[in-house]
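Dear colleague,

Please find the structure below, together with its sequence. A short account of the findings follows it.

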Amino acid sequence: MHTDVTPINRYPKYWAECYGTAPFLPTTREEMDALGWDSCDIIIVTGDAYVDHPSFGMAVIGRVLEAQGFRVGIIAQPKWDNKDAFMALGKPNLYFGITAGNMDSMINRYTADRKLRHDDAYTPNNEGGKRPDRAVLVYSQRCREAYKDTPIVLGGIEASLRRLAHYDYWSDKVRRSVLFDAKADILLFGNAERALVEVSHRIATGEDVATMTDIAGTAVILKEAPAHYKIIDSTRIDKPGKAMVMPNPYATEEVCETNKSKAEEEPAKTQITAQTVQIQPSRHDAFTSAVRLPSYEKLRNDRILYAHASRVMHLEANPYSARALIQLHGDRELWVNKPPIPLTTEEMDFVFGLPYARVPHPAYGKAKIPAYDMIKTSVNIMRGCFGGCSFCSITEHEGRIIQNRSQESILQELEDIRDKVPGFTGTISDLGGPTANMYRLGCSDPRAEKNCRRPSCIFPKICEKLDTDHKHTIDLYRKAREVEGIKKIMIASGVRYDLAIESPEYIKELVTHHVGGYLKIAPEHTEKGTLDLMMKPGMGTYDRFKELFEKYSAEAGKKQYLIPYFISAHPGSTDEDMLNLALWLKKHDYQCDQVQNFYPSPMCNATAMYHSETNPLKRVKYKQRDDLFVAKGDRQRRLHKALLRYHDPANWPLLREALVSMGKKHLIGDRPDCLIPAEGSEAALTPAKRRGSSRHGAKRFATKHPNQPDIRKDGTANRQGSGKPKAHGTKAQGTQGKGRHQSNQGKPQGNGQRPAQNGKPQSRGKPAAKRGARA
């Protein structure tokens, strides 16, 4: 789609371009001296270890800025108890760039049960405690102490998803925009390269950052709204205002045959016999109008109003037609510009084609960085997701318009991995993104795409204008397999199976060549009410995909298995719903180890459901509204998790008590239709079974099927093995199932989350190279 923005690779270079390209961006004064630098123009402070790889935000940001001619330094995981570490590279000439890293620091440091984690996949040797809580705030404070007058620019997933007043799960309250608490000058959200390059060049020309109020993908603090903007009031529920009006972008109007020539002259109309499809523009010009959200002070004390504000915010997500958002915090205004214009394929190729070393900084020596080990041989082929799952933050961060790399750029990266990654064995661990099979998919009508306000292109059904032809992905897979030195390519990113069944040829290609015995997909639940709140398809779609998966596996002469992924304690999922899900698992002989409860990450729709206990996917009301059941409190959330782990003897006492109180006592016993055995059965168990423990320590959601074969170290099925259940998730997930979005677990992104690009998010508690994406 054509825009009038300057491509990020077409800016005039800053004068410091003469210093050339650094093998690694400097992290010490000694490294700066070796490069001949007397100072840094920009210093990036990050909560992650510095890995010079395109899946790590600080590397992407640093290399993009370096390509603009700037001298960029990195301060990675500094000690934050005083300002000394923040002065290690001296004062930056232009600004400090602050990011918490590829994950929100609170998700990185705490489990869904608010328990402190003792490991950190983005830190050498997986060591925990190397970043503070709310890292963006702490780092910003220390930079201010170090150099008071230096501008501070916020970015990354933590800042992106906390750009507005937001519900914070860990403090159980609504917090201010992180921009106020950090006392920063400007915040960049989403895929930030475009805004980052513009901000950097404007600061470099001497412009005051306080004047940069009009850049897409940024948020700033103002004393008052710009005078030339019309402010649309959406601060009240009973009178939501025009911000809540959703014009049909596919409205039709009758056109007489005699007026056909006139209709053909209209560029916004397409003649179809007696009808013309007219793309209806927004009622308000996105360049002259803004939507006023309820103030922070109002949202702090009104959970229903918070659901309303969340709904309004999600309607203003289209980068081409969204209005700016304005929100009062005390006596100052938070001004959030419309989302950034997506990168073109040329720009994506530019970003991924920069001279990354593709390894951790030499200062870490032989220390292992788990997030790097997970994604060092994976390739991110696209960004964005149009699935719109309510529990996932990827759409809020990366947007729903897919940003694609060219096939040539992807194949070149495969060759770079082959030639640069130490110890490369010929196996590519993933070729994907937030969702494996959205590469080069999108709206077939650019005019409709420009005005569409749907939160999802595939729920409640696939939009008729969505191109679902997987031919580009199939062709990419085939070309990638032909690259010399590449022996095997796995697809570890989550597969959106409701899209995949639209292209059986894709499923055949995937199953025949790119599944190593296991393929992880995410039905998330079995009950329609909960699935509707998740914005996920029904189980009939899963059954159809399973049928095709098994058919093509058999044709390929392979015994392969689907591993379904589920969420416990999702808002709207009642005890009865979770029981029905447990019975489905029992019926299909599935067992879930290391279950992940719903994690309320900032900004996503499901978090608004969790806090408000109402549904923001439809018009919010004070009166006559349908309250949602939300599992809150340790006991309730433990019960929902226990139902997914019905097979664990440690959960049987809790489940027996719950089943009796639910009037489901008939499900306790030794009959085949019972969920758990009667009391006393524990006595006959071995110690290991009594503990319900796994042989593996991986704290990630792993679904085990009793008849799955062993898994070799390379992730492929060992069909000479005993056939007994052994590796339930650790190796299986290492190949096919990595990935959920940050909102749920917080793994390195790619698919939903490999380490976030540009310091962006991306999502879920343990490193997993991609997700299919939730953040």
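In this model, helix 14 and helix 16 meet in a right-handed crossing (the near helix is turned clockwise from the far one by less than a right angle). The model is a predicted one, in which local features need pLDDT of at least 70 and side-chain atom pairs count only at pLDDT 80 or more, while totals for chains, interfaces and linings use all residues. Residues are numbered from 1 along each chain as its sequence is written, and side-chain values use heavy atoms, with hydrogens and water left out.

Helices (H or I, at least four residues) and strands (E, at least two) are DSSP runs, numbered from the N terminus. Gln407, Ile410, Leu411 and Leu414 of helix 14 make the contact with Asp475, Leu476, Lys479 and Ala480 of helix 16 (contact means heavy atoms within 4.5 Å).

The buried residues of helix 16 are Thr473, Ile474, Leu476, Tyr477 and Ala480 (buried means under 20% relative accessible area, with a 1.4 Å probe and protein chains only). They lie on the same side of helix 16, because they cover an arc of only 160° around the axis (taken from the directions from the helix axis to the C-beta atoms). Their packing partners are helix 14, strand 20 (430-432), strand 23 (488-489) and helix 18 (504-513).

Terms used:
Buried means under 20% relative accessible area, exposed over 50%, partly exposed in between (1.4 Å probe, protein chains only).
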